[in-house]
Amino acid sequence: MRLVGIDTRARIRKIVVYAIYIILLSSFQVSFPDRISFLGQTADLMFVFVVLSGYFNGFWDGAIVGIVCGMIRDVFSPPAVVGLDGEVRVTAFIGVFTLFAVGIIGSAFFTRRMRRNIPFSIVAVIFTTFCYKVAGYILIYGWSSLAGAESSRYSLTTALIYSLLPQLLLNVIASIPLILLIRFLGPVSFKGNGKKDEIIKDKGEGTWLGI
Amino acid sequence: MKKLLKSKWFIALVVLLVLAACAVLSLLPNSPVRKILKPVQSVGAPAQSFVKNAGDTLSDFWAAITDGIAIREENEALKEEIADLRYQLTQNEEAALRYEELKDALHIKDTFSNYEIYGASILSRESDEWFSTIRLNAGTADGIELAEGSAYPVLDVEMNLVGRVIETSDTESRVLPLLHEGFAVAGKVNAVNGATFMVLGDAELKRQGLCLVTDIDPDVRLEPGMEIVTSGDGGLFPEGIPIGVIETVDNSNPLEITATLRPYSQIGKLEDVFIMIPYVEESTDETTQVTN
């Protein structure tokens, strides 16, 4: 006797698997950052997971996983910013903003043209990491000029050699096991992969929890 | 119009604008926006704590297997050290008794006698170079009430400066670490009438684990290896907390001498810390009553 339909089972699987991965990855990243660090940078497991969720599973997965991971990031390790009055304050929603944006960029990164193929997902991780870092430097430069906090600025050499490149390398390395997890132990079954993009094409990408 | 409202990209744009507005509003003093994430904290914190404990247990188990021989050798060395320390202890007990007598007689105050010390454990650390505050498992429920504009020093087990508490919730506190670019403390050379200057976090030096020392008087001679402690200026930090040692000094511009400082505390290796909270003085009210 089947108590739950196939769609319901797929939805439950999706929610449970996403919840487990989000809790495990975010907790590991903030509890043991020194184990996944190189040259002062930490492999951003949450960031890579959000990009890959968007890339492989579509717009709504990227957006929702991005919002949830962002909220957890804002709770576990929120950024402290020097305000315009010179006081340092803990902020909220910067993590949600960042990871939501990253999730939808990941979902739109040549996903149809490249048919969500595995090797190109690494290019998506590199592209989004590059965008995140460059946007961060620009924002920090602008805000520190406004707030008069010169100590927050990076020189071009530091930004490139000691921040961007190590972060790109670490995120690419982190993406390999995460790609395998999402594809083979992930929230969505990729059996009958040929049909998947047809479903997306027919019904649009608003099929969150329904693929 | 209907088509636009149903467009996923339009929805995404609206959500991004709302989130950006929330992020800016959260920077305002006593902003209620930060409280929106409280439910996530109550759900996420126990899960993260479970994963952390599981990781620590695994790590300890692995260490117990791999470190067996090293532990045995260390144990032998420690036994010898204990014997030495016992001898020193008996010597020091007498000195301590004399110190207590002199302290009462000369009204000497302990360095941190006006502060209450709370122990706390680190719950989570930075998730990347920009999301870099630290969470502690002690909050207002434990007596750590933080008024706007104030901050409490956070020390490691060896009483070295780690950072300062900048936000508290019911069960947790957030710490701005010493290396964060927003951190600033008045420091001085650890000597009688030592020269004072500012010790700052700096984005450029953070990756090397260093702080920047500025506002150095041109007449003062700073040298690598000198110990720097808090000067007590500004009132947030008491005088005499060890910060670190001078690593390099840049005298190239005599009008703007700078130096780098290597902090004693290694935040990545810390598990437990102490929060220093000044005793609230109630004498003012009593004095007023007496005067009336």
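Among contacts in chain A between residues at least 6 apart in sequence, what percentage join residues at least 24 apart?

Modeller: The share is 70% for chain A. A contact here means two residues whose C-beta atoms, placed from the backbone, lie within 7 Å.

First, the ground rules. This is a predicted model, in which local features need pLDDT of at least 70 and side-chain atom pairs count only at pLDDT 80 or more, while totals for chains, interfaces and linings use all residues. Residues are numbered from 1 along each chain as its sequence is written, and chains are lettered from A and ligands numbered from 1 in the order in which they are written.

Now the build of chain A. It has 7 helices and 4 strands (DSSP runs numbered from the N terminus: H or I of at least four residues for helices, E of at least two for strands). Read from the N terminus, the order is α-β-β-α-α-β-β-α-α-α-α. Of its 211 residues, 48% are buried. Buried means that 20 or more other C-beta atoms lie within 10 Å of the residue's own; exposed means 12 or fewer, and partly exposed lies in between, with C-beta atoms placed from the backbone.

Look at one helix pair. Two packed helices are described by the angle between their axes and the distance between the axes. In chain A, helix H2 (residues 45–57) packs against helix H4 (residues 94–108) at about 40°, and the axes are 6 Å apart. Those axes are lines fitted to C-alpha atoms over the stretch in contact, and angles run from 0 to 180 degrees between N-to-C directions. The crossing of H2(A) and H4(A) is right-handed: the near helix is turned clockwise from the far one by less than a right angle. H2(A) brings residues including Met46(A), Phe47(A), Val50(A) and Val51(A) to this contact. From H4(A) come Leu99(A), Val102(A) and Ile104(A), among others. The contact residues divide into 9 nonpolar, 5 polar and no charged. Nonpolar covers Ala, Val, Leu, Ile, Met, Phe, Trp, Tyr, Cys and Pro; charged covers Asp, Glu, Lys and Arg; the others, Gly among them, are polar.

The largest nonpolar core has 51 residues. Such a core is a set of buried Ala, Val, Leu, Ile, Met, Phe, Trp, Tyr and Cys residues joined through C-beta atoms within 7 Å. Val48(A), Phe49(A), Val50(A), Val51(A), Leu52(A) and Cys69(A) have the most contacts inside it. Cys69(A) touches Ile22(A), Ser26(A), Met46(A), Phe49(A), Val50(A) and Leu99(A), leaving aside residues up to four places away in sequence. A second, separate core of 50 residues includes Leu123(B), Leu210(B), Cys211(B) and Ile257(B).

One loop of chain A deserves a stop. Leu39(A) lies between strand E1 (37–38) and strand E2 (41–42). Its phi is positive, about 50°, although Leu39(A) is not a glycine. Leu39(A) has 13 C-beta neighbours inside 10 Å, so it counts as partly exposed.

Next, the partner. Chain B has 6 helices and 12 strands. Of its 292 residues, 32% count as buried. Its C-alpha trace spans about 85 × 65 × 60 Å along the principal axes.

The two chains meet through 55 residues of chain A and 48 of chain B. On the chain B side, helix H2 (8–25), helix H3 (38–66), strand E4 (161–168), strand E5 (173–177) and helix H5 (203–206) each supply at least two residues. That side has 20 nonpolar, 13 polar and 15 charged residues.

Ser26(B) links back to chain A. This residue sits in the loop between H2 and H3 of chain B. Ser26(B) is buried because 23 other C-beta atoms lie within 10 Å. Its contacts include Thr91(A), Ala92(A) and Phe93(A). Asp60(B), in helix H3 of chain B, is exposed, because it has 10 other C-beta atoms within 10 Å.
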